[in-house]
Amino acid sequence: MYASRASEVNTRIVVTGTDTGIGKTVFSAGLTWLLRGSYWKPVQAGLEGETDSAVVRSLAELPANRCLAEAWRLSTPASPHLSAERDGVRIDVDALKVPSIEQPLIIEGAGGLMVPLTRNELFIDVFAKWNVPVVLCARTTLGTLNHTLLSLEALAVRKVPVLGVAFIGDAHADNENTIAAMGRARILGRLPNLDPLTPSTLQSAFRTYFSAGSFER
Ligand SMILES: Nc1ncnc2c1ncn2[C@@H]1O[C@H](COP(=O)(O)OP(=O)(O)OP(=O)(O)O)[C@@H](O)[C@H]1O
Ligand SMILES: [Mg+2]
């Protein structure tokens with residue numbers, strides 16, 4: 001039974017990352033499953049193949065009514081501002097509002113934090129306006145210190161509440177500890193590279209490496 005844990009956990013969580021392709025969708029699927037929540041991808045740029053919503057529905061074994069419709073479905077796999085221009089539309093950033101639902105809601109951004117939605121508005125500014133706590137997904141490998149510390153600084157400058165960092169990849173104790181210390185961030189856990197990546201391996205990894213309680217404010 002897909003029951004709700006709305007009273008026990010944060011009801012809104014933004015999942016963002018230090019880059020595109022970092023594993024936000026896979027992480028979001030696991031988190032949506034762990035919190036028995038709903039998933040929303042406000043801006044989907046690129047419609048060929050499986051969309052992020054379709055991946056989450058499949059990996060989290062999510063009932064259709066727990067995956068909210070995207071606000072923007074753009075054809076080109078590119079930055080949303082460019083993808084929108086190619087489709088002949090302009091994303092109305094002020095109209096992007098967090099849906100009001102009862103269950104915990106996992107919201108996945110597009111790419112990294114400073115992805116433009118229009119020629120003069122960034123996704124991170126929408127997160128700041130929403131004031132919804134953010135989970136920052138980060139690689140464990142070389143280069144992650146720079147990307148993760150920059151991302152945390154950008155969030156701090158805009159006073160976006162940060163729940164913590166979720167690592168994705170093989171363990172790297174020094175990178176993880178350095179980010180916790182120098183970024184003054186809570187480490188929420190680490191999702192290993194899963195092979196194969198299936199609903200059952202993902203759910204089992206989330207049971208092992210994350211706890212629903214860490215996602216409370
Ligand atoms: N923990 C993992 N184990 C195995 N494969 C993974 C894992 N995390 C991500 N991947 C794979 O890496 C690729 C990118 O992951 P994902 O789509 O989750 O990234 P993303 O950050 O959501 O990208 P985008 O910016 O396009 O939304 C996918 O092929 C996905 O299956
Ligand atoms: Mg994604």
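I take buried to mean under 20% relative accessible area, exposed over 50% and partly exposed in between, with a 1.4 Å probe and protein chains only. The model is a predicted one, in which local features need pLDDT of at least 70, side-chain atom pairs count only at pLDDT 80 or more, and totals for chains, interfaces and linings use all residues. Residues are numbered from 1 along each chain as its sequence is written, chains are lettered from A and ligands numbered from 1 in the order in which they are written, and side-chain values use heavy atoms, with hydrogens and water left out.

Entry on G112. I found G112 in the loop between β5 (105–108) and β6 (116–118), strands being DSSP runs of E of at least two residues and helices runs of H or I of at least four, numbered from the N terminus. G112 is buried, at a relative accessible area of 13%. Leaving aside neighbours within four places in sequence, I list T16, G17, D19 and T20 as its contacts, where contact means heavy atoms within 4.5 Å.

Entry on T16. T16 lies in strand β1 (residues 12–17) and is buried at 1% relative accessibility. Beyond four places in sequence, its contacts include K24, G111, G112 and L113.

Entry on the helices. I looked up α1 (residues 24–35) and α7 (residues 199–209), whose axes come within 9 Å and cross at roughly 70°, the axes being lines fitted to C-alpha atoms over the stretch in contact and angles running from 0 to 180 degrees between N-to-C directions. The contact is made by residues including W33 of α1 and F206 of α7.
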